[in-house]
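Biologist: Before I use the labels on this protein, I would like to hear what stands behind them. Please take me through a few.

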Amino acid sequence: MGLLLAGCGDEEASTSKNSSSEEQTEATQNEAKVKVMDKKFYLWTDESIGDMEQLSIYIMIKNTGKTTVDISNFRITSLDKDGSVIQTDTSSSTLGRSFAPSVLKPGQVSYIGLQVDPNIPNPDIKDIQVDVNPTVVDITELKVKNGKANVDLDNWGGTADVTGLLQNHSKKDALNVEAGAGVFDKDNNFLGALFLSSDETITLGPTQSTGLQLGFPGIPSSEVKKIDHVDFSVSNVEYDVQD
C-alpha cells in the first residue's frame, strides 16, 4: 500500500510539472517581442523649401516574437550629448502616415519616419531612444510585388518615392491598409522610410490588387542619391466591432 501511494504521488507531481511547463511554453510563444533594428536621424537644410532647417528621424522595428503584435504604442526621445532629453515624440503625435504598419506578423518589419517641427531647437541632438509597448492582435495577409524605388535627381539633391502592386491574399476585406517602405543603399544600410500621403486611404476586397506609391514624408536630399533598393511592409489593421 505504501508503494502504491508513493507511486500515485509521483504521478501527480509529474502531471503538475508537465502542466506548468506547458503553460510556460504557451506564455513564451504568445509573448509580444519587438526589436529596434536600426535608427537614423539627419539634421539638414532643405533647399527645395527655402533652405529650411529640418530634423528627420527614421526607425526600423521588427517583430521578433512568435505571435502577431500591434506596436502603435511607442515613444521616441531625442537626447543631447550629455544624455539629457531635448524632446519626445509619440505615436499619437506623428505626422500623417509617418508610421506603418502598426500590426506585424512574426518576423515582419515596421517603419517610422518623422519630420520634426523646425521651430523646435534641435542642433544639439546626438542620439535617439525608441521605446515600444507591443500587444498581441490578429492580421489579414497582404503582399506587395514588383516593388521598386524611383529616384528623381535635381539641382539640390532630388526626391524619391517607391511603387509596387499591393494584393490582398486573404478571403476577407482589407479595409484599413497600412503601408511603409524602408529604403537602403547598395550595402543594405538603412537610409530612411516612406509612407502613403496623409490623405490617402486604401481598401481591398478579397484577392483584389491595386497600385501603391509611397513618398511621404520624404528623404533628405543628401541621401536620395544613395538609394539602391526598397523593402515594403504592409498590413491590414482589424478592429473589434462592439455591439
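Modeller: Start with Gln115, which is buried, at a relative accessible area of 18%. This is a predicted model, where local features need pLDDT of at least 70, side-chain atom pairs count only at pLDDT 80 or more, and totals for chains, interfaces and linings use all residues. Residues are numbered from 1 along each chain as its sequence is written, and side-chain values use heavy atoms, with hydrogens and water left out.

Biologist: Why is Gln115 called buried?

Modeller: Buried means under 20% relative accessible area, exposed over 50%, partly exposed in between (1.4 Å probe, protein chains only). Gln115 has 18%, so the label is buried.

Biologist: What makes the link between the side chains of Gln115 and Ser56 a polar contact?

Modeller: A polar contact is a pair of N or O atoms within 3.5 Å; within protein, one must be able to donate a hydrogen and the other to accept it, and residues adjacent in sequence count only if both atoms are side-chain atoms. The Gln115 and Ser56 side chains make theirs at 2.4 Å. A polar atom of the Gln115 side chain also lies 3.3 Å from the backbone oxygen of Pro217.

Biologist: Why is the pair of Tyr111 and Phe190 called stacked?

Modeller: Rings of Phe, Tyr and Trp (its six-membered ring) pair if their centres lie within 6.5 Å; planes under 30 degrees apart count as stacked, over 60 as edge-to-face and the rest as tilted. For Tyr111 and Phe190 the centres are 6.0 Å apart and the planes at 25°, so the pair is stacked.

Biologist: How do you know that Tyr111 is buried?

Modeller: Its relative accessibility is 0%, so Tyr111 counts as buried.
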